[in-house]
Amino acid sequence: MTTPTPVAPSRPAAAAPPPRKGRGDLRHMAADRGLDLLMVVLALVVLFPLLYALGTSLKTTAEVNQYPPTLWPHVFNAGNYPDALRVAPIARFLLNSFIQSGAVTVGQLVTAALAAFAFSFIEFPGRQALFFLFLSTLMIPAEVTLIPNYLTVRSLGWLNTYPALVAPFLATAFGTFLLRQFFLTVPRELWDAARIDGCSRRRFLAQILAPLARPAFATLAIYAFLSTWNQYLWPLLVINSQQMRTVQIGLAILQSQESVSWSLVMAGIVLIVAPTIFLFLIGYRHVVRGLTAGAVKG
Amino acid sequence: MARKRITRRSFLKAAGATALGMAGAGLAPALVGAQAPTRIVFWHAMGGNLGETVVKAFINTFNSAHKDIQVEAQFQGSYDDLVNKLRASIQSQSVPAVAQVYDIGTRFMIDSKGIVPVQEFIDKEKFDLTQLEPNILAYYRVGDRLNSMPFNTSTAILYFNKDMYKKAGLNPNQPPRTFEEIEDYAKKLVQSGATTSGITISIYGWFFEQLLARQGALYANNGNGRDKAATEVIYNQEEEGARILDWWTRMVKAGVASNPGRAPAGNAAAQRALAGGQTAMIFESTATLRSLLTNAGGRFELGTGYFPKPPAAKNGGSIVGGASVWILKNRPQVEQQAAWEFVKFITAPPQQAAWYVGTGYFPIRKEAYREQVAKDNLAKNPQFLTAISELRSSPINRPTQGALLGVFPEARARVEEAIEAAVLGRRTMKQALDDAAKNVDQAIAVYNRTMGVA
């Protein structure tokens, strides 16, 4: 790379119709293709566990244990899926998880938005101190509150119910912090103007602030949904019956104490992951729209 | 967006109302009918295709045979998960009537004072225990009484690939019996080119416990915590503990033994290595026999042999592993009585035989071998006899009865850390065992103090 000849600047033909291919464009194209290739490779790396799970879920027991392992089954065996469904009521687990994660997500959005609004728009004595007190709860590890929470839920007679799965997670210090930081970037003039026009706090939050904060809401929603979806210890503790189990514990039922049938476990994983991916693909558009809304004027 | 949220909320409400309605409908007949069946809940840890299928079949058979008792089986995760749930709830009413707890949870269950010893039911109806395997009774009898009823019992055995033995010129019908023979076989298997890994041993605390007992050595003081509550572990003070690590480490260093890591992942990896033809021998519970036979899938012949012991060890033998079922105190008496009926049912010969054939756990009752399924299975797969013969050839004494520790799950994890440190050469064997013992002793002291154990 020590050639003295200056690199030919590749001029992007601004408004002109596509020109004949010059050296610069070729290089551009090569760079693009290179980038595409790199992305495909990276995507494969990211997708590999999923693809491998899918492949394994379709293998026979013999092939799962084969060495060297095969990526894709030589003999397709779809029998693992009915087996998984027979051992574990996976549809029911999914429903429970969706109810739990959905309710927690909605709850966190509401409580965090209200709290963040108070911390960013309403002046009251001790606001700062209260906010830091709020934040300090982030330092308390969840394990510490596990048993007290369990005792509370038990004394309320909520064991084995949806409230037990949802109630402890309805408020969130992290979400409040996230939304407050976002609300602080919203110009005060909007608030002042709304007040002058006689807009109530509730209406300002619901009709002016919330649409503006859609990206922040989306971020919090995804975070809340996923962290609830992935819970293990809490649902294990408060839920006893098969009918109320969430997916993560539901999966455990596919593993036996002494030996694991990987094809069965993978079939269960695919069944559980599939609806989530499907939902993500639908929801993804909204999130991206939210993130880029107002990014470009016109 | 707003509309969507409302519908979701109203959906939740509707769902809640339906659930309430259904619960009400379920209650109504129970209130009306005078002869309402006693409903009891059974917590168990038997997941997987097999566990779930067999347990379900048991429950169905029991429920249709007993109109006055209806059992609901609830899977609660692994043995550890289950005992942790009990730990949180055992003082309250939110316990099941009957629960399956692993061997090493025995001391904790007794100390929790949340149980009714099954001995009370045994005495009340003069239930005959003579058909139970004496070695199994010896493990579960604490203070001269049976606190829980053994349900699924196992020992650790040696599994090997007979085809590889033949290739290496070894007699597949004469598996190694001693530490030295295992080492010798592993070397020959590797040197002959039959395999690159003579033996794969998962770092599993249970194997260490078994290897100690096979040498007739104690794990904890006060007669393995059976004369009175143990106050310390002693495997670091005896030569037997060091001998295990020395032998294990030597084989790994010589490149004839593979280290698949710590349990439970290590066990799964070792099983896969054997099934995939990557290793000639593994140590594993007899409870995996059925699945290992399935995984071998006729590609090679699976052999089984006793767990090794030094030739000099006269009093050594195997400890019973597995789990037993407990009747919980904080449930109404009528439920406890129903639980006892259920306990008798799942430990009866037909159920024990079905369980044995389906898994590899051996029956707790001798009559189970006379069931036709058991006979047919033994004719086809003689490997199912190895573990029980191993157990029957074990003398009953403090080492082979196994240790009782309230903090056994933690103690086991510490030993696994020690083995790993020694095998990987991070610490000397002596140091590794001393560190483990020190940590466990502290945990025992805290446990004994908080549980009020002398």
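**View 1. Strand E8 (residues 156-161) of chain B lies antiparallel to strand E11 (residues 281-285) in this predicted model.** Ile157(B) stands opposite Glu284(B) of E11(B), and five bridges join the two strands, where strands are DSSP runs of E with at least two residues, helices are runs of H or I with at least four, both numbered from the N terminus, and two strands pair if DSSP finds at least two bridges between them. Residues are numbered from 1 along each chain as its sequence is written, and chains are lettered from A in the order in which they are written. Because the model is predicted, local features need pLDDT of at least 70 and side-chain atom pairs count only at pLDDT 80 or more, whereas totals for chains use all residues, and side-chain values use heavy atoms, without hydrogens and water.

**View 2. Strand E11(B) is covered on both faces.** Five of its five residues are buried, a term that means under 20% relative accessible area with a 1.4 Å probe, counting protein chains only. Met281(B), Phe283(B) and Ser285(B) lie on one side of the strand, while Ile282(B) and Glu284(B) lie on the other. In a regular strand the side chains alternate between the two faces of the sheet.

**View 3. Helix H3 (residues 79-89) of chain B is largely enclosed by the rest of the structure, because eight of its eleven residues are buried.** Among these buried residues of H3(B) are Tyr79(B), Asp81(B), Lys85(B) and Ser89(B), together with Leu82(B) and Leu86(B). Across chain B as a whole, 60% of the 454 residues count as buried, and the chain contains 20 helices and 13 strands.

Methods
Buried means under 20% relative accessible area, exposed over 50%, partly exposed in between (1.4 Å probe, protein chains only).
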